[in-house]
Amino acid sequence: MPWSTILLFGDSITEQSFSSQGRWAALLADRFQRMADVIPRGFSGYNTRWCKILLPDILNSINAKDVSCMTIFLGANDCSLPTSDQYVPVDEFQQNLETMISILECRGIVRQKIVFITPPIYFHSHFVAASAKDGDPDPLRSDDRPAIYAKAMVELAEKLNVSVVDAYSAFAADGRGEELFYDGLHFSPAGSELLYNLVVKDIEARVLAFRDESSANETINYARWRDVDGGNLEESLFRQTTAKN
């Protein structure tokens, strides 16, 4: 049975993607039940400089031939103020992403399977208050900087012929503002659902291509329980059945 991997690579927004609030990966796992496994590799506070170094080791635990889709969701930390240890200049940010594409293709994950996700909008005063409540120092960030890195990622994606989801523009246009975040930076359930809706079609297309299917003939692995033939278990259990009831 075809059973692919959806690999999510990023920072804390990816690390929290199975949490009760930042649950966009959990929504993906639900969507692709009995079709693909969703594997998050998210690292709180990390930037592209650090993730570029980690990537080869992360891939050692992944069977590249099983990857139907990989998201790269970075930039929210790179765009910190230059006085921050997390800061990465925008030209290096682009170069680091391009290096990641080269690493992935050398490992057998072609760029057609990759989807960039830009950093979303950010609410500094909200994040400062949340950080203070947790006893953390004031974050070295500003509201305006994610837009610069989102634009750079979109431009790089066009140059490299890599798919990109412009989360920044979509979140800015949504109108709900801070309701999309629980602390100004990380997603609330509403923000998680918005991101899910932004990425699901790109991921769906790649999962179905891996399975050599289309949305019109989408299947799930193994028979539905009502279709199991007790007199012919071996054959009936291993049928792929339509994903739509």
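**A guided reading**

Tutor: Let us begin with Asp212, which counts as exposed because its relative accessibility is 71%. The model is predicted. Asp212 lies in the loop between α8 and β6 (219–220).

Student: What is the phi of Asp212 near?

Tutor: The phi of Asp212 is near 55°, a positive value in a residue other than glycine. This residue comes just after α8. Asn161 also has a positive phi, near 60°. Asn161 lies in the loop between α6 (145–160) and β5 (163–165), and with a relative accessible area of 60% it is exposed.

Student: Where does α8 bend?

Tutor: The bend is at Val199 and amounts to about 40°. Val199 is also one of the buried residues of α8, which include Leu195, Val200, Ile203, Glu204 and Val207.

Student: Which residues are in contact with Phe32, leaving aside its neighbours within four places in sequence?

Tutor: Phe32 is in contact with Ile6, Val200, Ile203, Glu204 and Val207. Of these, Val200, Ile203, Glu204 and Val207 are buried residues of α8.

Student: How is a pair of aromatic rings described?

Tutor: Such a pair is described by the distance of the centres and the angle of the planes. In this structure the count comes to 13 aromatic pairs. Phe9 and Phe43 form an edge-to-face pair, at 6.5 Å centre to centre and with 75° between the planes. This pair links distant parts of the chain, 34 residues apart: Phe9 is in strand β1, and Phe43 is in the loop between β2 and α3 (48–59). Phe9 counts as buried, at 1% relative accessibility, whereas Phe43 counts as partly exposed, at 21%. Tyr46 and Trp50 form an edge-to-face pair too, at 5.4 Å centre to centre and with 90° between the planes. Tyr46 is partly exposed, at 27% relative accessibility, and Trp50 is partly exposed at 32%.

Student: Which residues form one aromatic cluster?

Tutor: The cluster is formed by Trp24, Phe73, Phe123, Phe171, Phe181 and Phe187. Trp24 and Phe171 were also named above for the largest nonpolar core.

Student: Finally, is Asn77 buried or exposed?

Tutor: A residue under 20% relative accessible area is buried. Asn77 is therefore buried, with a value of 3%. Its place is in the loop between β3 and α4 (90–106). The side chain of Asn77 has a polar contact of 2.5 Å with that of Arg141 and a polar contact of 3.4 Å with that of Gln86. Not counting residues up to four places away in sequence, Asn77 also touches others, including Asp11, Gly45, Tyr46 and Tyr87.

Conventions
Residues numbered from 1 in each chain as written. Predicted model: local features only at pLDDT ≥ 70, side-chain atom pairs only at ≥ 80, totals over all residues. Heavy atoms only, no water. Core = buried A, V, L, I, M, F, W, Y, C linked by side-chain atoms within 4.5 Å. Buried < 20%, exposed > 50% of the residue type's maximum accessible area, 1.4 Å probe, protein only. Contact = heavy atoms within 4.5 Å. Bend = angle between axes of the 7 residues up to and from the residue. Helix = DSSP H or I, 4+ residues; strand = E, 2+ residues; numbered from the N terminus. Polar contact = N/O pair within 3.5 Å; in protein donor to acceptor, adjacent residues only side chain to side chain. Phe/Tyr/Trp six-rings, centres within 6.5 Å; stacked < 30°, edge-to-face > 60°.
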